Structure formats: C-alpha cells, structure tokens
Amino acid sequence: MATSLVNLKKDVECFLCNDSLTEPKILPCFHTFCRPCIKRHAELIEEVNVFKCPKCKSQTPLPELNSVEDLKSSVLHSRILKILEFIEGEKICSVSESHSTATQHCFDCDRSLCDECLKYHSLLMNNHKIMSLGQSESKEKIIELLLSREKNCLSHLEKTLDLYCNDCKQNICLECWMQDHDGHSTVSLGKHLSTKKAVLLKHVEQLKLQEKQIQEQVKFMNDAASKIKESCDKAKAEVTETLERTIKELEQNAQQILSKLDKEIEDAKLKEIKGQSTLEQARGAIDYASTLLEKGFTSELIGEGDDVGIYDKSFEILNFDGDDNLVVFDPSKELIKQASLGLGSIRKVDQTEQDLGLLNFLSSVKVEAKKPGHPEAAKPQQMSAKIKQFDLKGMYRFTGIAVNKENTKITFADSLNNRVFVFDMIGNLLIIFYSHFCDPQGLAFLNKEDLVIADCDNHRICIVNTTSGTVQGTIGKRGNRKTEFINPCHVHVDSNYNIIVSDLGNNRVQVFSKEWKFQYQFGQVNNIHPCGTISHNGQYYVSDSYSNVVHVFAINKSKDRGFKPVRISVINGQDSTEGVLREPCGLAIDSEENLLVCDRGNNRIQKFTLDGLSLGYLDCSGIFDVAVLKDGSVLVSCNQLGVFIIQDM
C-alpha cells in the first residue's frame, strides 16, 4: 500500500511548490501545476503575463492574471487528489456527520458507513461491494477500486454508468437511457471505451515514434550546440588574441612615436641651451671689449686685445624659426577607419555546412557526348557540368532520392542504416524516419508532404508524412498476387498521382491510384527485371538491370481489358555502341525532355533522347538514383560517396 500511496502522491505533486496540487490546471503542453503556483510564477513579458513551464520551457500567455481561471482543470489529477483525501482523511459517516467514525465503504452506493448504518444497509443491500476502511490490506484494494471504478450516474446515484450516447456525447445509465435518450444512438460503455482506448493507443504509438524522431533531432541539436559552443569559444579566444595583438602592436607603435617626440623635445632644449650659451658668450665679449675701450692702456689695447682675439671675435647667428619646427601628430586615417569597423565580425555558419549538407562546389567536368546514328556523330559535342555535393558526415549507403514538386523538400534513403532523411533545399535536416524499414530504396513524393517509400526487404510500400512524421499507411506484403511484392526496389508518382512500383522479385510493374487502390500490372510476359520505372507522355520507361536495357511500354486502353501497357521498343539494344548500358537503375526525364539513366555498372549517368539516341554521359561512381529540379539541375545519389547536384549537364 505504501508503494501505491507514494506513486499517487508523486502523480499529484506540484513541480513548483513540491506539495500536493491545489486546484490543478493543465497547460497546453500537458504539464499540470497548482493554480496559485501558475499565478505566482507568471512573468510580465512585453506587457503580457506569461507562464513559462519549468519542465519544457513552453510559454502560456495569460492576458490577465485572472486568466489562470480559464485554463482547463485536470479532472484526472482532481480525482486522484480526492482518492488521497479519502484514504488519508478522517472517515466520516456519509449518512450523518454526527454518527460515529465510518468503518466500512460501499462502492455500489459510494457511501462510507458507521457500524450502526452498516447494519441497516446490510439488511437492504446485501449484494453490494463493501470493504473495511481500517485494515492496511483493505486500503490497498480500496485504492485499486477507486482508480478503476467508474462513478455512478449523477442523475441516478444508485445506478452504474453502462452506456454511451453518441448523440449527446455523454455516459449514461440504463435509467437515463429509458427516460431521456430513447431513440438515440447508444453503445455499451465497455465497447466505447475499447474504441477510445484503441484510438488513444494508436496515437500514443505515433507519439512515441515522434518522440524517437525528436530524440534523434535533439541529439543532432545537442551535437550542434556543442559544436557551436566550441566554435564560439574558439572565436572568443581569437577575438581576445586579436585584441591583445592589436593593442600590443599599437602600444609598440605609440611608444616609438612618443620616443620620437621626447627626442624632439630634447633636441629643442639642447638648441635652447646652446643659443643661451652663445648669447652669454657674446655678452661677455661685449663687456670685455667695452671695458677695454673705456679703461684699457694703449699697451693693453694693442697687446692684450690682440692676444685674446677680441678684434676678430664673432658668433654664429643661430638660424631657428619656431614656427617651422613645430611637431604635430598625424593619426593613421586607415587605422581609425579600420578601428571604427572593429576587430572584425562574426557570422553564423549553418551547421549543415559542416555536417548535414551545405552544397559545396567541388569541380567542373568536361564530357564528350557522341550521338550514334545521328548526323552530328562525327562531330562530338562538349558538355560541361558543375557538380555540388551534400557533404554528409558518417557511414551511409545512399539509394533512392526524391524531391517534391514544389522543390521545398529533398529526401534520400540510407539503406545501410535503414533510414530516410528529409531536408529542406538548403540542407537543413527536417526529419528522419528510421527503425521501420529494412533496406529502403526507391522514394517518390505523392504530394507536397506525403512520401512513398519502397521498403525493399520488408516487401511493402510505406507512405509517410514528412511534416508530422506519421506513417500514413502501407501497401502489400510478401507474395506474388496483386498488391503483394517481392523486393520492390523503386517507386514513381506520375502526373495523375498514380503510384508506380517496380516489383523486382515478381518481374512486373504494379500501378496504384493515389488512394492506394490497385489499377493494373504489366511486364510478366516480357520477363522484365524492373529496377526503376517512370512514366512520361503516355509511355513507361523501365530499367532492366539483368538485360541491361531500358524497356519502353506504351499504354493501350481497351474496353474489355482496360489498361494494358505493351512494350514497343528498348533503349540500348545490341546495335547501340556508344550508349551501352550495364545494370541500369534509376531514371528521370530532364528539363529538355531527355531520358537520364543511372548506368550503375559503368559508374556513370547517361543521357538519351526519348527515342533512344545517346547524347553523352557523365562519370558518377556508385550512382543509384536520379531526380530533376525545377531549375533543370539534376540530383544523383551515389552509394557511399554521397548526394550530388549536377548543373548545366
């Protein structure tokens, strides 16, 4: 019992106050808190009260603090609180509070009874479910009963709820049915509950699937956050280093300039001292000569004057113009301009640029294209193709590739890890589908969001929604009857949204409507081995990796047999020397109405006219599948090498 009580208390413990929930309110994120706690912890953000969920950080706006009252109350948590209150609270007789303490509880009447009331109750209701309230082992059973037993009808307290009214959308008892729901559509409550549980169980499974996908995305995000932190720490160190280096260089330069200024001051001072000394010497000579003139004897004027050289004494007139020798500082305009720009700037490099698929330019390739049987065959044309790559880190084996009609999503299959990736067109990872598949290969978009997947080794076709992450449904199982498959390896969706499946193991192609209904099949009589099938202008093009050709089927419609595609030609027959195919697989029609063939055995992609003339090729090692974008660029998947975009082919 202790365990049950502990679990119940944990179920109704408020994460904020760590106490039992008071007036439990459930948020849009499905986390539950006390009404007072929500009100107390609401924050004013941009003049709107907002409660931030402490568990998931989601925000619930509360235009007014009293808006907490408008949040939905949790009926489930309120019921558990009442159970705890009943188990741990004072046992009061339901008949009258003045009676002695209740010792028993009748679950049919939902009443607690004292010993006296129990006697009368037993006389009248001897078949009711009664349990003692005092014994520990009884409390354990009481908890189980209270958690599992539905309440009695609110209108007829002695009646159990047995039916569900589809018209009124409520649980009712038999009495209610006879009185108020005559003629309404009703179903037994047990059956309705089973239906609701089945729906909820399926939804829970979908939520668990989404949880796994979100966990995978969170893992990517955690890795990205770690790498972002690492890059930011590195950038911060570079900023500090640049600042310190710049300051050091500026300080050294400033010290040199200051030293020059000090020298200028010192030189000016020396000149001043020299000038003053010369002035005093001149004054000394004047004083001596004046005294000699005034007081000197003839002999002194003649003798001593000559001896001291007073007669020819002269002084250098100093050439010093203060205005011409002023010193000014000319700051570096380039440095000031650069300083105004700062040490530099930061830019965000998309995580996909390093890990998940930024398109990096790799090379430009020249290709010689010969056209066998064509008048220009003697004059080979030169074609250049720019190649860009989704640079993905990790171990993969790329098989199918597809892009939706709107060119907003690109997807490719990783058959090594049994996963399907969905990206936007600049390389941001949107979702990963995994753990459902065994060797996923061909891919095709049924519409903007829904993706068709050839789940090869599970012998089925899956349809998934690339936004919600849900599995919309599956087609087929292993077998050779209609709608059954053996190793379906390629899917294609035509202009009428029909789903075309290359059923390799059954030597046929099966066609389904957009509602997944079987339409017709073809190829068995021709013993084809379809590795890829596309339709264009009323014809099917089927790559056959065993016969090393592309079969061309025309769609004939007859009144008695409906659609019956008939083979009208093959591309790459024995007379074709320049465009020989080996193990062809993926196919596509390019923007110029040419047929692109993944020539896997020759490690190249070939281009043909629709009537089979070879227009050239481009080396692509490990090529498996191909798709064409609206701008004419070509997407190719190349097993372990990666996913590439080819432009101007």
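R283 is partly exposed, because its relative accessibility comes to 43%. Please bear in mind that this is a predicted model. The partner of R283 in a salt bridge is E280, with 3.3 Å between the closest N and O atoms. E280 is likewise partly exposed, at 40% relative accessibility. Both residues belong to helix 7, residues 189-295, and their spacing of 3 residues puts about one helical turn between R283 and E280.

How many salt bridges does the structure hold? The total is 15. Another of them joins the side chains of R35 and E69, at 3.1 Å from N to O. R35 sits in helix 2 (residues 35-41), whereas E69 is in the loop between strand 5 (59-62) and helix 3 (75-88), so this pair ties together parts 34 residues apart in sequence. R35 is buried at 15% relative accessibility, while E69 is partly exposed at 39%.

A further salt bridge links R419 to D414, the closest N and O atoms lying 3.4 Å apart. Here R419 is buried, with a relative accessible area of 16%, and D414 is buried at 0%. Returning to R35 and E69, shared partners place these two in one salt-bridge network with E23.

Let me turn to the cysteines. The count of disulfides is 0.

How values were computed: Residues are numbered from 1 along each chain as its sequence is written. This is a predicted model: local features need pLDDT of at least 70, side-chain atom pairs count only at pLDDT 80 or more; totals for chains, interfaces and linings use all residues. Side-chain values use heavy atoms; hydrogens and water are left out. A disulfide is a pair of cysteine sulfur atoms within 2.5 Å. A salt bridge is a side-chain nitrogen of Lys or Arg within 4 Å of a carboxyl oxygen of Asp or Glu. Helices (H or I, at least four residues) and strands (E, at least two) are DSSP runs, numbered from the N terminus. Buried means under 20% relative accessible area, exposed over 50%, partly exposed in between (1.4 Å probe, protein chains only).
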